[in-house]
Amino acid sequence: MSVGEDSGAPVIEAPIIEIAGLSKHYGPIAAVDKVDLTIRRGEFFALLGPSGCGKTTLLRMLAGLELPTAGTIRIDGQDMSRVPANRRPVNMVFQSYAVFPHMSVLDNVAYGLRVDGIAKAEAHRRAEEALDLVKLGGYGKRRPDQLSGGQRQRVALARALVKRPKVLLLDEPLSALDAKLREQMRFELVNLQESVGITFVVVTHDQDEALSMATRIAVMDNGTVQQTAPPAELYEFPSTKFVADFIGSVNLIEGRVAESAAGLVRMTAPALQVPVEIEQEAGMPVGATGWLALRPEKVDISRDPPEDGGRNTVVGTVEEITYLGDVSIFHVRLTADQPLIKVTIANLDRVTRRPFTWGDRVHLSWAPTCGVVLAQ
Ligand code: ATP
């Protein structure tokens with residue numbers, strides 16, 4: 001999103017991709033099911049979801065590699081129904097970063113331009129420009145097998161960018177790289193996107209990747225888009241149980257709405273010993289069943305009751321402890337037959353002594369601004 005400050009009012013960039021009622025059926029399987037989505041010019045947009053949710057099928061329909069069963073795609077205002085893949089203003093970078101092994105890096109990057117009939121000297125000049133962009137200036141004469149995995153991935157990016165597409169589609173672009181390199185390439189992709197200003201649409205099943213790179217994310221499940229929002233909004237205000245569970249770690253506590261008014265939801269739950277209060281607009285109807293989604297790092301854990309007398313305070317026993325280096329997760333049993341509540345504590349000090357141990361009685365509490373109540 002780009003926000004113009006000089007006019008006083010925020011200016012939202014015009015859409016570059018408009019998807020309406022888009023479906024793709026393979027026999028009885030609805031791989032993509034009536035999706036509506038708008039992607040704005042200059043966005044770094046991520047399609048995120050578990051394996052089989054339909055994100056690759058959606059990306060391939062944008063590229064023109066699959067035909068929709070129903071619905072429309074407009075790119076830069078133009079209906080794509082009759083536009084074949086090679087005439088669309090998009091380019092795709094594949095997971096396996098398909099580079100030609102027998103060609104030099106420069107020829108690899110220039111290849112698409114040469115196929116389009118652009119003279120060799122001009123194609124090479126533009127290929128060198130694209131290699132500079134991905135920080136591979138000077139590598140043109142090498143063959144792909146003389147490059148590292150990260151460098152080969154950058155060649156694939158340069159090859160896609162050299163044709164100056166309006167939209168770059170990236171299918172799990174970092175999945176073939178090892179963990180360290182993947183993290184480094186996230187920054188590089190974001191910097192590259194900012195410097196070229198082209199809209200990026202990236203498919204990933206890796207939430208960290210989506211959260212760290214994208215300006216907005218569409219979370220998909222079962223062929224449908226569950227929620228589209230910037231990363232922090234998805235994390236703090238998930239709109240469905242699926243999104244709350246898929247993004248980060250969460251305690252999902254089933255209950256019933258006892259009161260809902262003036263931006264406050266009061267909820268009772270078999271797992272909780274007291275009714276709890278959550279500040280939330282757009283209240284749910286009284287009597288409705290729902291889920292309290294509570295992030296483990298937002299729960300306070302203490303041996304004594306909290307000093308403020310504690311709204312949203314429950315008592316339990318530490319049953320399991322998971323040490324993860326930077327944080328420890330305490331799993332607390334509140335009642336015999338309900339799932340344990342996870343509480344994350346940052347290990348800020350180099351102390352080996354744990355603040356709590358197995359079997360300790362502890363108080364858990366959280367502010368009404370922590371957590372959201374979600375419909376079934
Ligand atoms: P992954 O992360 O595993 O690649 P995905 O979210 O990208 O998964 P898709 O590849 O889009 O998911 O597949 C969505 C659904 O459509 C899956 O159930 C898949 O089995 C099915 N599907 C995809 N392509 C075909 C095909 N050519 N024929 C039949 N079914 C297909």
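## Basis and confidence

Residues are numbered from 1 along each chain as its sequence is written, and side-chain values use heavy atoms, with hydrogens and water left out. Because the model is predicted, local features need pLDDT of at least 70 and side-chain atom pairs count only at pLDDT 80 or more, while totals for chains, interfaces and linings use all residues.

The protein chain has an average pLDDT (the predictor's confidence in each residue, from 0 to 100) of 90, and 94% of its residues score at least 70. Over residues 1-8, however, pLDDT stays under 50, and the model has 12 contacts (heavy atoms within 4.5 Å) beyond four places in sequence for them. Where pLDDT is low, the predicted coordinates should not be read in detail.

Helices (H or I, at least four residues) and strands (E, at least two) are DSSP runs, numbered from the N terminus. Two strands pair if DSSP finds at least two bridges between them. Strand E16 (residues 313-323) runs antiparallel to E17, joined to it by six bridges, and Thr-322 has Ile-329 of E17 as its bridge partner. The two strands form a hairpin with three residues between them, and in the turn Gly-325 has a positive phi of about 85 degrees.

E17 also pairs in the antiparallel sense with strand E18 (residues 341-346), over six bridges, where Ser-328 has Ile-345 of E18 as its bridge partner. Five of the seven residues of E17 (residues 327-333) are buried (under 20% relative accessible area, with exposed over 50% and partly exposed in between, for a 1.4 Å probe and protein chains only), so this strand is largely enclosed by the rest of the structure.

## Helix H2 and its cover

Among the buried residues of helix H2 (residues 105-115) are Val-105, Leu-106, Val-109 and Leu-113, and what covers the buried residues of H2 includes helix H3 (120-133) and H4. Just after H2, Gly-117 takes a positive phi of about 90 degrees.

The axes of H2 and H3 come within 8 Å and cross at roughly 120 degrees. The residues that make this contact include Val-109 and Leu-113 of H2 and Ala-127 and Leu-131 of H3.

## Helices H4 and H5

Helix H4 (residues 149-161) packs against helix H5 (residues 179-196) at an angle of about 20 degrees, with their axes 11 Å apart. Leu-157 and Leu-161 are among the H4 residues that meet H5, where the residues met include Leu-189 and Leu-192.

Definitions and conventions:
Axes are lines fitted to C-alpha atoms, for helices over the stretch in contact, and angles run from 0 to 180 degrees between N-to-C directions.
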